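Let us take a walk through this structure together, one piece at a time. Keep the picture open beside the text as you read.

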Amino acid sequence: MDFVRNFPFICIMLAMVSGPVSSVLSGKKAGRLSMLVVSVCGILSAVTLVYTLQLTEPFVYTMGRFPAPFGNEIRAGVFEALMATFFCLIMVLSLIGGLKYLKTDVPDEKKNLYFIMINLLLASLLSLIYTNDMFTGYVFVEINTISACGLIMIRGWGRNILAATKYMVMSLLGSGLVLVSISILYGITGHLLMSNIHTAVAELVASKNHIEPLIIAVGLFSVGIAIKSALFPFHAWLPDAYSYSTCSSSAILSSLVSKGYILFLMKFIYRVIGSDVFKMTGADDVLFLFGIAAMLVGSIDAIQQTDISRMIAFSSIAQIGYIYMGFGLGVEAGMVASAFHILAHASAKSMLFVSANGLSEVSGGSMNYRDLRGSGIRNRSAGIGFVVGSLSMVGIPLFAGFTSKVYFAKAALGATTSKEIVTLIALAISTILNAMYFIRMTLSVYTPRMNEHYEDRDFRPGFTYRFSMFVFIIIVLVLGILSNPIFDWISRGLSQFS
Amino acid sequence: MSKIRKNYDTSFRTRFRRYILGETELPEVDYMPMYKKQIAEEKAEDERATEHYLMPPEVDPMEDAKRYAELSGMRWFRRLYGVMALLLCVAISGLLIYNVAFMPEFGSADTAMTNEVTERYIEKGQEETGVVNTVTGVILQYRGFDTFGETHVLFLATIAVMILLKRRKDEEPVRMDGENPGGDRILRTMAHFMVPLIFLFGLYILVNGHLSPGGGFSGGAVLGAGLILYSASFGFTATARFFNERIYDIVKVGSLMLYSLLIIYYLFTGANGIDSIVPLGKAGAIISSGLILPINILVGFEVACTMYAFFALFRKGGL
């Protein structure tokens with residue numbers, strides 16, 4: 001066996017072991033360890049990606065002495081390795097971009113606790129990406145939930161506690177539904193391993209046995225994941241959680257945490273249930289409808305915000321809607337477009353949060369758009385980052401958001417006629433709505449106040465901040481311009497799924 | 001962003017949206033930038049005092065929220081909420097009960113759950129893992145990775161509570177009666193007899209995990225309960241003689257690290273087809289079943305630490 005096959009396992013274990021180690025380190029050392037671990041995981045995942053590209057089939061790694069249906073296993077293909085690499089990259093960039101704000105937002109004696117949360121969050125994301133077992137997935141969904149709560153409330157303000165409470169209640173409801181669904185599936189198929197459930201489900205559908213529990217399980221799982229990733233009617237926890245937490249937390253929460261759950265849902269649709277059975281249950285139509293509603297409602301809510309971070313948070317709701325809309329299209333291309341949009345949204349949204357904090361830093365700590373006037377001139381790198389992020393969100397050519405919208409539109413052409421029309425119209429309206437708030441905020445950020453003294457004009461953001469902004473911009477441009485190889489990898493990875 | 005914000009602030013849609021988003025309990029969001037500005041100013045003077053700053057001091061948040069609720073007619077929404085919640089609960093319970101009717105019969109022999117997996121666990125479990133108690137064999141060997149994750153859930157839960165409740169060393173204790181829970185005479189006398197027994201029983205469950213029902217999680221819970229009883233009756237100063245923050249860190253992190261090393265060794269050798277050097281021993285003996293016994297003990301320590309940490313954190317905001 002090639003040694004590279006151990007890399008996913010090494011990544012997960014590295015992230016998990018670094019958690020307890022951080023709890024006895026000082027805040028500074030824990031931060032360094034955390035960033036080192038995330039970067040090493042990113043490099044190892046990139047090597048795994050190169051390795052899996054040479055294989056025709058994804059490889060399976062037995063976790064322990066006993067092969068799959070008896071023991072645990074993880075499975076790494078092109079898609080998994082790509083997502084793992086990308087998640088590590090975004091995570092390390094969000095961390096170094098928000099490092100300065102972390103110093104002021106988090107009390108010294110709790111700093112190492114913050115990095116424990118980061119390490120275990122990484123472990124849970126990697127495990128959710130690589131797992132081939134429903135129950136392992138559930139265990140790491142739990143870890144993901146608790147560490148996300150920690151990320152929200154680390155700032156210690158009353159509003160953070162309130163937001164964390166809301167998040168926890170909603171998220172635990174989602175976890176509960178997911179667990180009930182997994183138990184029902186186990187009851188009717190007798191397996192927890194994804195591939196075995198897949199064959200058992202195919203037999204059940206062919207023999208028309210236990211169809212009702214199957215439909216209910218699919219429904220509960222979809223609703224559970226939808227609650228956890230803030231699809232439209234369940235988005236109430238999202239704005240507070242994202243907008244009041246510290247910079248790195250908002251960036252990581254918005255770009256990675258919800259995406260981890262969505263990847264789990266993708267695995268559920270393709271590897272566990274099978275896309276045909278998923279379509280048979282009608283769950284894709286429901287996801288489609290709520291996805292379209294989220295695209296519009298999220299944007300309309302975002303337009304009403306006066307607070308830049310709340311505006312970005314509400315725009316997340318719209319973007320999550322895009323992803324679910326792709327799921328609901330019911331064609332393979334829609335799924336690929338959704339997967340690409342996960343990348344596009346994750347990179348642009350974390351960049352927007354980091355740059356919004358940079359803009360607010362030169363505006364007396366205020367997030368209000370009136371106070372932010374001219375901040376793009378005062379803090380140039382944050383301003384440029386915000387512009388690039390906004391253009392990507394709106395969907396201007398050359399940026400990542402445009403590419404994913406094109407893929408969505410292309411995918412819609414292959415769907416049923418009614419879905420095609422609805423999708424195209426919703427895409428158009430949503431683009432205009434996005435432009436309404438993002439372009440307005442950009443203009444306001446670049447309009448100097450009258451009689452402004454520019455006492456902050458010589459403000460220069462730190463090297464780490466400029467570096468993370470620079471890399472973020474490159475990622476968004478690469479996703480926008482050189483999207484073809486990535487798109488091929490995603491479709492290849494998804495075809496390996498079934 | 002609108003200049004005529006006041007107009008839509010009172011509209012039905014906005015009120016309803018606010019209600020949905022749960023913003024009704026707090027004053028308007030517009031306070032946010034204002035008090036942030038205030039923080040920025042005050043931080044320069046007194047950084048410590050403003051860290052847990054919630055509202056501008058002039059506004060009593062409860063009064064304001066009440067007034068807001070009165071003005072915006074929230075009562076109607078609240079009533080609607082009660083009705084809707086009830087309907088939703090009934091609907092979901094109905095769905096799940098409906099579901100039960102179509103599930104395979106519980107306990108019957110020919111369900112999907114009786115397949116080659118359970119067969120192998122029951123028939124070959126003892127031979128392959130060296131345990132008499134099959135459940136332990138399944139959770140620590142066959143599905144060892146899941147249990148490793150589960151243990152980290154406990155660890156993470158303590159860390160999350162620490163983020164919430166841990167106070168700085170110079171901060172006042174949260175409770176009025178200070179750091180020491182005062183046990184009365186009856187409690188202390190009983191604890192005097194009970195605590196050693198509880199500890200012994202906990203250790204017994206721990207080391208017998210591979211032979212009889214029990215194991216790391218249940219034994220650790222008993223140990224933790226013993227620790228809690230001790231500190232509740234004799235006070236934290238007495239507990240600190242043998243279990244203070246330093247020892248807590250050593251035990252907790254040490255046991256998690258050792259557990260990680262063992263499980264990494266097990267998973268790595270298993271996956272790469274390397275023979276394990278740990279002998280399984282004779283099934284039924286105390287020293288048997290390879291890595292299961294040490295892992296059970298380590299998980300037990302971790303669980304005991306978690307239980308005690310919850311108690312201490314909620315009681316006095318520290319260890």
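Chain B has 13 helices and zero strands, where helices (H or I, at least four residues) and strands (E, at least two) are DSSP runs numbered from the N terminus. Its pattern along the sequence is accordingly written α-α-α-α-α-α-α-α-α-α-α-α-α. Before going further, please note that this is a predicted model, in which local features need pLDDT of at least 70, side-chain atom pairs count only at pLDDT 80 or more, and totals for chains, interfaces and linings use all residues. Residues are numbered from 1 along each chain as its sequence is written, while chains are lettered from A and ligands numbered from 1 in the order in which they are written.

Of the 319 residues in chain B, 29% are buried. A residue is called buried if 20 or more other C-beta atoms lie within 10 Å of its own, exposed if 12 or fewer, and partly exposed in between, with C-beta atoms placed from the backbone. Among contacts in chain B between residues at least 6 apart in sequence, 73% join residues at least 24 apart.

Now look at where the two chains meet. Here 56 residues of chain B are in contact with 64 residues of chain A. Several helices of chain B give two or more residues to this side, among them helix 3 (31-45), helix 5 (74-102) and helix 12 (245-272). Helix 8 of chain B provides the largest share, 15 residues. Sorted by class, this side of chain B has 35 nonpolar, eleven polar and ten charged residues. In this sorting, Ala, Val, Leu, Ile, Met, Phe, Trp, Tyr, Cys and Pro count as nonpolar, Asp, Glu, Lys and Arg as charged, and the others, Gly among them, as polar.

Let us move to chain A and its helices. Helix 15 (residues 332-361) of chain A has 30 residues and reaches 44 Å from its first C-alpha to its last, close to the expected 44 Å; the expected span is 1.5 Å times one less than the number of residues. Helix 15 of chain A is mostly covered, with 28 of its 30 residues buried. Helix 1 (residues 7-22) of chain A is largely enclosed by the rest of the structure, because 14 of its 16 residues are buried.

How do two helices pack against each other? Two packed helices are described by the angle between their axes and the distance between the axes. The axes of helix 13 (residues 283-303) and helix 14 (residues 308-328) of chain A come within 7 Å and cross at roughly 160 degrees. Axes are lines fitted to C-alpha atoms, for helices over the stretch in contact, and angles run from 0 to 180 degrees between N-to-C directions. The crossing angle makes helix 13 of chain A roughly antiparallel to helix 14 of chain A (under 35 degrees counts as roughly parallel, over 145 as roughly antiparallel, 65 to 115 as roughly perpendicular and the rest as oblique).

Finally, meet two single residues. Lys208(A) has a positive phi of about 55 degrees although it is not a glycine, and Lys208(A) counts as exposed because it has 7 C-beta neighbours inside 10 Å. Ala230(A) has a positive phi of about 60 degrees, again without being a glycine, but Ala230(A) counts as buried, with 30 C-beta neighbours inside 10 Å.

Methods:
Contact = placed C-beta atoms within 7 Å.
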